[in-house]
Amino acid sequence: MIGNLLRGALIGVVETVPGVSGGTVALVTGIYDELIDSGHQITAAARVLVTGPRRVCSAREELRAVSWRLVIPLLIGMAAAVLTIAGPIGRLVETHPQAMRALFLGLVAGSVLVPVRLSGGAWRRPELLLFAAGVLGGLGLTSLPTTALVPSPWIVAPAAAIAVCALVLPGVSGSFLLLSFGLYQPTLQAVDERDLGYLAWFGLWACVGLVVIVRLMRHLLVRHHRGTMVVLAGVMIGALRSLWPWQSADGSLLPPGADRVALLGIALAGALAVQLLVLLERRRTTAARPTGAPEQTRPGPAADT
């Protein structure tokens, strides 16, 4: 319970930072697959409740399969973190942009080893091509030019649906996408000022986007788990572009400055912190597994050939 509250709070915090994905936190802390499965069951329950047959009974059956011990504290932790930390984190990113980018560069770079390990390693040519495609995809998403859109309801709707995908996709930052759409500051301001109208509309379309991406990722994880992890590793590498500490005002990359030693030290500390978190998570999982039991793998045809 406490662990999932903390995981949710951490996801909520990083989702307010441009360049960092809550999906990365879920992956590192070992709850990614379970979270996707639960999201799929919730969306399936909503679907059968609308379309039938046996609407109520079928919805109950789907909801029983949800890992509520994970989902409820996770949502509570996320909401608490967003409502209390979103404003201060936004100001910290504004006042110390280089140090914050360096820190999160290290955190994300240190996280890349997680999907690499989950893919099973020993990549061959097909996996290398998928990895390259992921890198290019990550670079493309983080190279989007910043626009200044008026936060009208019909601008906020598609932006929310697209940005929420980052909650599921490690390496892709919802905050960065909102920044590219010009809606990052208006959204943080709405959270700070408790603008319930804006937040309700944003949340509605975020749910729409979440339903689509959760169903897609669940299909990929079940049918093509190895290949999906390879692509996610590539996306995380490519998305590091947005976290390069030295950038101009328009987001163009610059060579390292005189502060490179300090900032690289911060990045290294971030990478080491992630590796420590991964080690602690693996030890917790090992301790919870019965003696002699094999490490769990995904059911079904998860491995690619």
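A residue is called buried here when its relative accessible area is under 20%. Keep in mind that this is a predicted model.

With that cut-off in hand, go to helix 13, residues 225-238. Which of its residues are buried? The list runs His225, Arg226, Gly227, Thr228, Met229 and Val230, then Leu232, Ala233, Gly234, Val235 and Met236, and finally Gly238. That is 12 of the 14 residues, so helix 13 is largely enclosed by the rest of the structure. What does the covering? Among the elements over those buried residues are helix 2 (22-28), helix 3 (32-51) and helix 6 (97-111). Helix 7 (113-118), helix 8 (125-141) and helix 12 (196-223) are also included in that cover. As for its geometry, helix 13 reaches 20 Å from its first C-alpha to its last, close to the 20 Å expected at 1.5 Å a residue.

Now pick out a residue in helix 3, His40. Is it buried or exposed? His40 has 15% relative accessibility, so it counts as buried. Leaving aside residues up to four places away in sequence, His40 touches Val214, Arg215 and Arg218.

Next, some helix pairs. Two packed helices are described by the angle between their axes and the distance between the axes. Take helix 11 (residues 184-192) and helix 12: they pack at an angle of about 120°, and their axes are 8 Å apart. That angle makes helix 11 oblique to helix 12. The crossing of the two is left-handed. On the helix 11 side, the contact is made by Pro186, Thr187, Ala190 and Val191, and on the helix 12 side by Tyr198, Leu199 and Phe202. Sorted by class, those contact residues come out as 6 nonpolar, 1 polar and no charged.

For another pair, look at helix 9 (residues 153-163) and helix 10 (residues 174-181), which pack at about 150° with their axes 9 Å apart. Because of that angle, helix 9 is roughly antiparallel to helix 10. Their crossing is right-handed. Which residues meet? From helix 9 there are Ala159, Ile162 and Ala163, and facing them from helix 10 are Gly174, Leu177, Leu178 and Phe181. The residues of this contact divide into 6 nonpolar, 1 polar and no charged.

Terms used. Residues numbered from 1 in each chain as written. Predicted model: local features only at pLDDT ≥ 70, side-chain atom pairs only at ≥ 80, totals over all residues. Heavy atoms only, no water. Axes fitted to C-alpha atoms, helices over the stretch in contact; angles between N-to-C directions. Helix = DSSP H or I, 4+ residues; strand = E, 2+ residues; numbered from the N terminus. Parallel < 35°, antiparallel > 145°, perpendicular 65-115°, else oblique. Left-handed = near helix turned anticlockwise from the far one by under 90°. Contact = heavy atoms within 4.5 Å. Nonpolar A, V, L, I, M, F, W, Y, C, P; charged D, E, K, R; others polar. Expected span 1.5 Å × (residues − 1). Buried < 20%, exposed > 50% of the residue type's maximum accessible area, 1.4 Å probe, protein only.
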